[in-house]
Amino acid sequence: MSEQVYNEKNQDYYKLIRKIFKWIILSIAMAIPIGIVVGLYNMILKAANSYRKEHEYLVYFLPIAGLIITFMYLITKRNAYSYSGENLLKSEVQSAAKNILFYMTFVVFIGSLLTTICGESAGKEGSAVAMGGALGDFIARKFKLSDDEQRTLVICGVGSAFGVIQYHILI
């Protein structure tokens, strides 16, 4: 084996090792905040649900909560049919459009909280997945990752959030 071929193989191994360490660091940098945010989200929704059960009159405020949620989406220029939740995540993963805004995490959280406290049935998974995808996208932009790496991190954020919320449902 020539010296040049040997050096090229060593460089390939070093690139692979660097890539593995890069993704380990990115995974940790993403998993910790997503675990904390989605875990807190779940605990807050459980507390809101308990509070609502003790105060059944809150169901009469559901139309007002609906107006507030609609107003939040209008202000943030997000349309429930084309730019939020699952559709936004799908378009982000397919095209790396870089249009998941970090503050959408808060909008989704507040909308779920208002919905839950007023007695409406709202799935935790969809909101958690939207928050995980937004956080994954935010971290990808902070680390200035390529489009492919960004899509991978958004998918990882979605999976992380779904795993956290499912864990909390099981316990």
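Here is a short briefing, grouped by topic.

This is a predicted model, where local features need pLDDT of at least 70, side-chain atom pairs count only at pLDDT 80 or more, and totals for chains, interfaces and linings use all residues. Residues are numbered from 1 along each chain as its sequence is written, and side-chain values use heavy atoms, with hydrogens and water left out.

**The overall picture**

- The protein chain has 6 helices and 0 strands, where helices (H or I, at least four residues) and strands (E, at least two) are DSSP runs numbered from the N terminus.
- Going along the sequence, the pattern reads α-α-α-α-α-α.
- Of the 171 residues in the protein chain, 33% are buried; buried means under 20% relative accessible area, exposed over 50% and partly exposed in between, with a 1.4 Å probe and protein chains only.
- Take the contacts (heavy atoms within 4.5 Å) between residues at least 6 apart in sequence: 82% of them join residues at least 24 apart.

**How α4 packs with α5**

- Helix α4 (residues 104-117) and helix α5 (residues 124-142) have axes that come within 9 Å and cross at roughly 165 degrees. Axes here are lines fitted to C-alpha atoms, for helices over the stretch in contact, and angles run from 0 to 180 degrees between N-to-C directions.
- That angle is why α4 and α5 are roughly antiparallel to each other; the label goes to angles over 145 degrees, while under 35 is roughly parallel, 65 to 115 roughly perpendicular and the rest oblique.
- On the α4 side, Thr105, Val108, Phe109 and Ser112 meet Ser127, Ala130, Met131, Ala134 and Leu135 in α5.
- The residues of this contact split into 6 nonpolar, 3 polar and no charged. Ala, Val, Leu, Ile, Met, Phe, Trp, Tyr, Cys and Pro count as nonpolar, Asp, Glu, Lys and Arg as charged, and the others, Gly among them, as polar.

**How α2 packs with α4**

- Helix α2 (residues 62-75) packs with α4 at about 170 degrees, and their axes are 9 Å apart.
- So α2 is roughly antiparallel to α4.
- Residues of α2 that meet α4 include Leu62, Ile68 and Tyr73, and among their partners in α4 are Met104, Val108 and Leu114.
- This contact's residues divide into 11 nonpolar, 2 polar and no charged.

**The nonpolar core**

- The largest nonpolar core has 24 residues, and Ile34, Val38, Tyr41, Tyr73, Ala128 and Leu153 have the most contacts inside it. Such a core is a set of buried Ala, Val, Leu, Ile, Met, Phe, Trp, Tyr and Cys residues joined through side-chain atoms within 4.5 Å.
- Two or more residues of this core come from each of α1 (3-54), α2, α4, α5 and α6 (147-170).
- Leaving aside residues up to four places away in sequence, Ile34 touches Gly39, Gly132, Leu135, Gly136, Gly157, Ser160 and Ala161.

**Two residues to look up**

- Ile155 sits in helix α6 and is partly exposed, with a relative accessible area of 47%.
- Ile155 and Gly133 are 22 residues apart in sequence and 6.8 Å apart in space, C-alpha to C-alpha.
- Lys144 lies in the loop between α5 and α6, and at 73% relative accessibility it counts as exposed.
- Lys144 has a positive phi of about 55 degrees, although it isn't a glycine.
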